[in-house]
Structures are given as C-alpha cells and as structure tokens.
Amino acid sequence: KDIPIPKTKWENIREYRKKHIKTIAKLKVGESIVVKDRTRETVRAYVSWAMMFLRFKGLKNSKDMYLIKSIDKKTQRVWRVEW
C-alpha cells in the first residue's frame, strides 16, 4: 500500500534528458552545467533540442551559442557563450 511502481529504465532516461535540456535552455551567458554519464554526441543533441525550444519560444538570440567540453568520455561541461 502506498508504494509507488518503480519507473522503467526508459522513463528514467527520459526524465534525465528533459531535466538537462530545460537547464541548458535556462543558462545565462557565462554559466555552465556538468552532464554526467552521457557522451559528447548525446549532449550535443541535448543542446540542439534546447536551442530548438528557445527558437520556438522566440527567446533565442542569434549571438548566443553553447560550448561543450569533455571532462572525460562520459562527463561533459556545457557553457552558454556569446558569439
């Protein structure tokens, strides 16, 4: 009774992805976040989705962009920078 059903692996991945995309979209110029347990290619997709979200909302300034640096193979840091 009152014990939640455990989430599936895909539900956890989806929530992790959404959380990071929202955070990336909210970054201000000069701020950064670390994304753990994801490859550079995956984080690049997160950044792309965040940029699409911002363009859809009409908030994307064409001078803003993101820089991704690998800390190691599975840990990435994303900065919002001004071009």
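Predicted model: local features only at pLDDT ≥ 70, side-chain atom pairs only at ≥ 80, totals over all residues.

Author: Residues are numbered from 1 along each chain as its sequence is written, and side-chain values use heavy atoms, with hydrogens and water left out.

Reader: Which element gives the largest share of the lining of the largest pocket?

Author: A pocket is an open set of points on a 1 Å grid over the protein atoms alone, where a 1.4 Å probe fits, with protein on both sides within 12 Å along at least five of seven lines; lining residues have an atom within 4 Å of a point. Here the lining consists of Lys18, Ile21, Lys22, Ala25, Lys26, Trp49 and Phe53. Two or more of these residues come from each of helix 1 (9-26) and helix 2 (40-57), helices being DSSP runs of H or I with at least four residues, and strands runs of E with at least two. The largest share, five residues, belongs to helix 1.

Reader: Which residues form the covered face of strand 1?

Author: In a regular strand the side chains alternate between the two faces of the sheet. Strand 1 (residues 32-36) has Ser32, Val34 and Lys36 on its uncovered face. Its covered face is formed by Ile33 and Val35.

Reader: Which residue in strand 3 stands opposite serine 32?

Author: Two strands pair if DSSP finds at least two bridges between them. Strand 1 and strand 3 (residues 75-82) are antiparallel and joined by five bridges. In strand 3, the residue opposite serine 32 is tryptophan 79.

Reader: Is glutamine 76 buried or exposed?

Author: Glutamine 76 is in strand 3. Its side chain reaches the backbone oxygen of aspartate 72 at 3.5 Å, and a polar atom of that side chain lies 3.2 Å from the backbone oxygen of lysine 73. Buried means under 20% relative accessible area, exposed over 50% and partly exposed in between, with a 1.4 Å probe and protein chains only. Because its relative accessibility is 0%, glutamine 76 counts as buried.

Reader: What is the phi of aspartate 37?

Author: Aspartate 37 lies in the loop between strand 1 and helix 2, and it counts as exposed because its relative accessibility is 54%. Most residues other than glycine have a negative phi. Aspartate 37 is not a glycine, yet its phi is positive, at about 60°.

How values were computed: Polar contact = N/O pair within 3.5 Å; in protein donor to acceptor, adjacent residues only side chain to side chain.
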